[in-house]
Amino acid sequence: MATNRETSKDLREYLNVLEAAGELQRIKKEVDWKLEAGAISRLACERRAPAPMFENIKGYPGQRMAAVLLGPAKPLHSRLALGLGLEDKAMPPLEIIDYVCRRFRNPRPPVNVSPREAPCKEVIIPGKEVNLLNFPIPWIKSIDGGRYIGTWDIIITRDPDTGWTNWAIYRCMVEDERHFTILLLPARQHGGRMFAKYEAMNKPMPVALVIGAHPICHLAAMTPFDNGVAEVDMAGGLLGAGVPLVKCETIDLEVPANAEMVIEAEVMPGERVDEGPFGEYTGHSAHRGKAPHAIVKCITHRREPIHTMANMGKPYDDYAVAQGVLFGAVIKNRLESQDLPIKAAYFHSPGTVPIISLKPRAGLIKRIVAALMSGQRLLPVGVVFVDEDVDVTNLTDVWWALSTRMHPRSYEITDGMSANTLIPWLTPEERVRLEAPFFVINATLPYWWSREYREDHTTIADFEHGWTGDIQQAVLKNWSAYGYRDE
Ligand SMILES: Cc1cc2nc3c(=O)[nH]c(=O)nc-3n(C[C@H](O)[C@H](O)[C@H](O)COP(=O)(O)O)c2cc1C
Ligand SMILES: [Mn+2]
């Protein structure tokens with residue numbers, strides 16, 4: 001499959017790729033980091049306009065910010081395809097998923113480079129000189145609780161017992177010149193579980209907040225891999241080469257050498273400060289509460305660093321576009337590795353309910369639900385099963401199946417799943433207990449019905465299935481003779 005991987009080794013080259021594809025809007029007019037940049041990038045999402053690159057930010061000469069880099073485009077996944085290094089930006093999402101599935105099956109370990117070779121070390125700011133407010137950190141929405149430095153970030157942490165290094169995207173809000181919060185959710189996410197271990201030892205947790213790495217690094221960081229999987233190896237798989245890493249200055253962690261900025265910090269045990277709310281990927285504001293916070297020990301960055309911003313919100317946003325594909329790939333790989341074949345798995349945004357198409361057989365759906373329940377947050381709210389002939393990427397098709405093939409009694413609810421606090425419908429009690437139900441919708445027609453019964457009651461009434469081949473051929477051949485434009 002054709003890729004342009006060589007042309008995109010870091011964020012800056014990816015920006016060139018976007019620009020060449022007409023997917024980047026350079027904004028030279030002065031724009032305020034407070035609300036204006038956020039509103040522009042949200043409207044760009046809602047209009048599927050090119051990603052804005054703010055080149056003149058009020059009060060921050062020489063610094064730039066790129067927003068919604070892998071956000072919704074026309075076609076929807078174009079910028080994601082370019083970020084993955086695919087040449088065809090119009091590749092259909094199920095083909096992108098199959099490509100990602102293959103890449104995830106071939107992880108590659110990172111390669112170490114010296115600080116001299118690492119662009120992220122061009123400027124080094126020691127702890128006592130650090131001031132986060134020297135950077136154009138956006139206050140994105142009026143409904144947000146503050147300035148968010150970490151939206152399209154990578155949070156790197158290491159397990160104190162096993163040495164496993166985790167990469168994840170977690171939202172980070174600036175508290176003051178030297179402190180920022182991280183929304184570390186202990187029950188569901190790897191970073192949160194690692195922090196619980198440090199906290200039990202009453203030790204600070206070293207953390208690197210990375211901004212502006214190669215887009216593939218951020219894509220790996222937002223993918224829900226299993227315990228013990230190093231996202232950097234999966235980024236290497238997507239990239240087709242090991243990701244270059246360099247050691248931090250003040251903490252024992254390695255970071256992508258080509259990143260625009262690295263904030264080296266420590267999360268303080270036993271401390272919580274105000275965090276949020278924040279307009280989230282569910283399309284609602286979410287989670288005003290307390291969160292752990294980190295103290296900055298050092299900042300390293302490229303000269304004239306480029307900051308980044310994701311703009312979460314009502315579909316579509318940059319999370320939704322990438323998430324549907326990445327989660328779909330993880331689900332497909334997991335099920336296939338357990339000999340549970342499916343045709344496709346896809347999330348429509350926001351990514352809370354996967355739609356899975358398959359050829360039903362005895363026990364298959366129950367076993368798939370069990371396999372996904374045991375996984376890393378792969379069933380956030382529920383799951384929908386449809387037959388193979390339903391195009392999971394087409395909501396009209398999916399709704400057609402749901403409204404005609406789902407027997408109401410096949411709607412199931414299971415209690416006691418771990419809850420995601422960002423979901424709006426949680427009751428106040430569920431939000432505290434972090435436990436909630438989820439649903440299974442089985443909209444497949446019973447596979448045990450006889451062929452005759454299915455033919456009599458369930459044959460599809462469309463052009464393809466409703467006429468014999470000779471009539472179809474004749475009508476297609478004569479289409480323009482009837483006066484229609486040929487397609
Ligand atoms: C822009 C963005 C912001 C996110 N913010 C958070 C967050 O604040 N907390 C969180 O737990 N997950 C957040 N996520 C989702 C996680 O990145 C995702 O679930 C990932 O799989 C977590 O990695 P882990 O499995 O290694 O914990 C965010 C994702 C994106 C794209
Ligand atoms: Mn992880």
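Which helix gives the largest share of the lining of the largest pocket? Hold on to that one, and I'll come back to it.

Quick housekeeping. This is a predicted model, so local features need pLDDT of at least 70, side-chain atom pairs count only at pLDDT 80 or more, and totals for chains, interfaces and linings use all residues. Residues are numbered from 1 along each chain as its sequence is written, chains are lettered from A and ligands numbered from 1 in the order in which they are written, and side-chain values use heavy atoms, with hydrogens and water left out.

Okay, the overall layout. The protein chain splits into domain 1 (5-309) and domain 2 (338-442), with bounds that come from an automatic or database domain assignment. Their C-alpha centres sit 29 Å apart. Across the boundary, 22 residues of domain 1 are in contact with 19 residues of domain 2, where contact means heavy atoms within 4.5 Å.

On a 1 Å grid over the protein atoms alone, a cavity is a set of points where a 1.4 Å probe fits but cannot get out, while a pocket is an open set with protein on both sides within 12 Å along at least five of seven lines; lining residues have an atom within 4 Å of a point. Grid points are joined across faces, edges and corners, and a volume is the space filled by probe spheres set on the points.

We get five cavities of 30 Å³ or more. Strand β8 (165-168) and helix α8 (318-337) each supply at least two lining residues; helices (H or I, at least four residues) and strands (E, at least two) are DSSP runs, numbered from the N terminus.

Keep an eye on α8, please. The second largest cavity has a volume of about 70 Å³, and α8 provides the largest share of its lining, four residues. Among the residues around that cavity are His 77, Tyr 316, Phe 347 and His 348. Its lining comes out as seven nonpolar, four polar and no charged. For those classes, Ala, Val, Leu, Ile, Met, Phe, Trp, Tyr, Cys and Pro count as nonpolar, Asp, Glu, Lys and Arg as charged, and the others, Gly among them, as polar.

On to the pockets, and back to my opening question. The largest pocket holds about 490 Å³ of space, and α9 (364-373) is the helix with the largest share of its lining, four residues. Of the 22 lining residues, Ile 365, Ser 410, Asn 442, Thr 444 and Trp 448 lie nearest the centre.

The second largest pocket has a volume of about 370 Å³. Asp 387, Asp 389, Leu 445, Arg 454 and Thr 458 are the closest to its centre, out of 15 lining residues. Here α12 (residues 451-458) gives the most, three residues, and the classes are five nonpolar, three polar and seven charged.

Last stop, helix α1 (residues 11-20). Leu 11, Tyr 14, Leu 15, Val 17 and Leu 18 are buried there, meaning under 20% relative accessible area (1.4 Å probe, protein chains only). Down the axis of α1, those buried residues fall within an arc of 160 degrees, so they line one face; the arc is that of the directions from the helix axis to the C-beta atoms. Their cover includes β1 (24-27), α3 (78-83) and β20 (306-309).

How values were computed: Buried means under 20% relative accessible area, exposed over 50%, partly exposed in between (1.4 Å probe, protein chains only).
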